[in-house]
Amino acid sequence: MRQAPGQQLQWSDRVFVVNALKVGLAGVLSLFVAQALRLQYPEWAPFTVMVLMMVHPHPGSIALKSLFRVVGTLAGASLGVWLVSDYLSSPIVFLSLTFLIMCVASYKVGQLSSAMAPYAYFLTGVTLIIVESTAITQPDKAWFIALSRAEETFVGIAAVLIINPLFRPRSPRLEFQQLARSAVDQLEQLTNAELQHLKDGTGFDAQVMEGQTAVLRKLLTLESLLLAERRESLYFQGNIAILQKIRNSIRNVFQAVSELTRLTLDWQALNGRFRKELEAAQDVLKRGFANVGRTSGDDPSILETAFQRLDDDISHWLRAGELQELPPDQLAACLRCWNALRGIQNELVSLSDLPKQLQCSGEAAQLKSPPPKTQGKIDRRLVIVGVKGGLVTVVSLFLIEWLYLPGASFIPVAAWLAVIFTSYQIPSGRPGHVRAFRNLLLMVLYGILVALVLLILTPFLSNYWFMNLILFCVLFAHGYFAAKTPGLAFWMLGTIFLVSILIGLNTQKPVPFTDIVDSCLGVTTGFTVGVTIARLVWPRLPQKELNAATARFCDAAKLVLVEKPGVSVSSINSTLSSLPMDIARTTAVLGVNSFLRQEQTKWNRLIPVLMCIGDQLSRLKANRGESIESQELGPYLDSFHQDFRTWLEALGRFFRRPGSERTLPSLQGAIDRLKQKIAGLTLPAPLHRSAQVSAPETLIEVHEYLVVAELMRLCGDIAASLRLVEYSGDYFL
Amino acid sequence: MNVSHPEFDILGFLVPLTLVAGVVGFVIAWLIVAILERFRLTRFLGNVSLFFIALSVLLAGLTDWLVNL
């Protein structure tokens, strides 16, 4: 199960090479078929192949993707013919209808992360633009262009479907398993390092921080893998419930380990028995971690029983008042430490024998995975992208119709794809519109280079074999690096158009240099229009997204503490659990320069705290019903809800308006009151035997509130250390 | 430079003066924004890209006017 880093690298490299081979062969085959059938625009067949295989697919995904591609292409071609034939003579109606259709298509593409169906909208948009931009200058050929476009798309799809099964499919289970195993290994190292720090009495160091960040990144990758698989692989969907369970367990272990990081436990102040218990627990955890990857390790029930025995001992000491000599803050720290260890142990039991769990597809049938949520509400961010998509199409159609720019057929499609690629980048691990103009400049330089290389190569491209060799090499390189790159990078878009230009030149007859320059200019103009509008109108910048997501987290956390009849607890809990991951995803792309990399480190410290706050508040909500039954404790604990709400409201404002809100309300008073309460609960315990039965439960309940208060204080400290004002504006062209 | 036809003749390749002015304006605007970013002053601008495009156009026009003086 465990693999050396070298072997892992070899394995992943093999995956990339296989993908590159598939793209290369499918591209060459599609061109051969398109030319053999004498199709008018053969360049769209390899274009289809490249777009279909942009992300290395899992089993089942290509067929589904191809189906939606066929549907989308037919819809787009029909709409294109209808608009060009009927409304080209009345530009206002023509552009308005195009704008509306492209708005809807751009909006729906944003929902591609949760379902595969929006892929059809993407194809509708692309096909409509291609048909309109080609037919706008020759409206009498609208039907012919639409049919050609549809035929070439089908050729591309067929080529992908033929080539894909020739190679062994990518194994998503193995990928998930390797990633999960590696995350657990790292968590084991972190746990040991944390416990060592506690024993040595040293604070957490930069190495631990790096370890935490690395685990967080792995969690994000697991999340993306799950999301992609839920959408793409029919086979994988059967296992989704097990995989979600595993992902949640790893996440819970991560939270528990990060809880250990924050402890200020005085090891020397603990009595010898408690220290021995902690060491015994560490030993059990060590065996539990080893069990995760092995199929023939210790029986998980033995470890569970061993830990339960230790847990019972601690509980007994609490009831007997044997820990009363500890100061209240140390007792609270002990309890938190023990809770964290218990949390890790519980999750390790569910993670034990991970390979076997992933093999077990029968269990998957019993574990029902909830269907992906359908987007009921209209998402404001997607509406913005929709408007930009529509606007960019209309502007580029206007440019080609009224300014007669060179390379007209490429401009609208390049412009629209530039908007779509840059606007939906952040969730896929790319920095959105940050540095969009710089990328555009690089693309222009790339275009100049391509034009010069094509000038030299064009005479040789008339040889069929040479042409195919060049095409294969470009597609191979594209497939290799595209599989290696997370998300959709701008260079991928450039390469797709490079291939289209290369084939579109038709080198069987002498090619004038102006044709090459016109094509490159057309693509560059399209990118310029797309990037300018995307960057100019409501740009998506990671720093703004971070603040907005954190403010949303505060709003959701506040809702947990409010008794509102119409608010669904499960939806709030799900928001609280997903938002820290969104913040982590955006934080990963924040480090554009050295200053922002420093800020990124602080955000990385903040994320586990937010995760724990969300988790802890949900726990408070669940315990609230029980504590209200206690006449004395209920109102006392309720008084803290108001403090927490006020604080969360202030934190929300702090992130929403970084310039105006400088300080957060102090929670020190609440923390002191809770510590006093804990001291009051523990001290009389051995004197009043009658009160001992309920004392530990009450203590733990009060302790839960103390944990929230301390987490909030830590969150406030980290938030205050962020220099939000300095990067809350618009940055990086 | 041919004054009656404002174009630069570079080895027979005619480059219009407006294009040169545009490139100069663009480069100066880029440098100004880079300096502002270096000192984190762009936070006072509502929209950096709008500022940059406006500055490019302004400087290009200014360069064009200065050359034609």
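## Helix packing, domains and confidence

Helices H18(A) and H21(A) are roughly antiparallel to each other (an angle over 145 degrees; under 35 is roughly parallel, 65 to 115 roughly perpendicular, the rest oblique). The model is predicted, so local features need pLDDT of at least 70 and side-chain atom pairs count only at pLDDT 80 or more, while totals for chains, interfaces and linings use all residues. Residues are numbered from 1 along each chain as its sequence is written, and chains are lettered from A and ligands numbered from 1 in the order in which they are written.

### Helices of chain A

H21(A) covers residues 513–536 and packs against H18(A) at about 175°, with the two axes 10 Å apart. Helices (H or I, at least four residues) and strands (E, at least two) are DSSP runs numbered from the N terminus. Axes are lines fitted to C-alpha atoms, for helices over the stretch in contact, and angles run from 0 to 180 degrees between N-to-C directions.

On H18(A), the residues that make this contact include Ala436(A), Leu440(A), Met443(A), Val450(A) and Leu455(A), while those on H21(A) include Phe513(A), Cys520(A), Thr524(A), Phe527(A) and Arg535(A). Two residues are in contact if their C-beta atoms, placed from the backbone, lie within 7 Å. In this contact 17 residues are nonpolar, 3 are polar and 1 is charged. Ala, Val, Leu, Ile, Met, Phe, Trp, Tyr, Cys and Pro count as nonpolar, Asp, Glu, Lys and Arg as charged, and the others, Gly among them, as polar.

H18(A), residues 436–461, also packs against H20(A), residues 490–504, at an angle of about 30° and with 11 Å between the axes. That angle makes H18(A) roughly parallel to H20(A). Asn439(A), Met443(A), Tyr446(A) and Val450(A) contribute from H18(A), and Phe490(A), Gly494(A) and Leu498(A) from H20(A). These residues comprise 5 nonpolar, 2 polar and no charged ones.

H20(A) has a further partner in H2(A), residues 44–52, at about 165° and with the axes 9 Å apart. H2(A) is therefore roughly antiparallel to H20(A). Here Pro46(A), Phe47(A), Met50(A) and Val51(A) of H2(A) meet Ile496(A), Val499(A), Ser500(A) and Ile503(A) of H20(A). This contact has 7 nonpolar residues, 1 polar residue and no charged residues.

### Domains of chain A

The domain assignment, automatic or from a database, divides chain A into domain 1 (12–170 + 377–536), domain 2 (172–366) and domain 3 (542–727). The centres of domain 1 and domain 3 of chain A, taken over C-alpha atoms, are separated by 47 Å. Their contact takes 8 residues from domain 1 and 7 residues from domain 3. On the domain 1 side there are 4 nonpolar, 2 polar and 2 charged residues.

### Contact between the chains

Chain B has 12 residues in contact with 11 residues of chain A. Helix H1 (17–38) and helix H2 (48–67) of chain B are the elements that give two or more residues to this side. The largest share, 4 residues, comes from H2(B). The chain B side holds 6 nonpolar, 3 polar and 3 charged residues.

### Confidence

For the complex, the predictor gives an ipTM of 0.84 and a pTM of 0.83. The table lists the confidence of each residue, pLDDT, which runs from 0 to 100, by chain.

| Chain | Average pLDDT | Residues scoring at least 70 |
|---|---|---|
| Chain A | pLDDT 81 | 86% of residues |
| Chain B | pLDDT 84 | 91% of residues |

Within chain A, helix H15(A) (residues 361–366) has the lowest confidence, at a mean of 48, and helix H4(A) (residues 91–109) the highest, at 93. Within chain B, strand E1(B) (residues 7–10) is lowest, at a mean of 75, and H2(B) is highest, at 91.

In chain A, pLDDT stays under 50 over residues 1–9, for which the model has 6 contacts beyond four places in sequence. It also stays under 50 over residues 362–367 of chain A, with 7 such contacts. Where pLDDT is low, the predicted coordinates should not be read in detail.

Notes:
pLDDT = per-residue confidence, 0-100.
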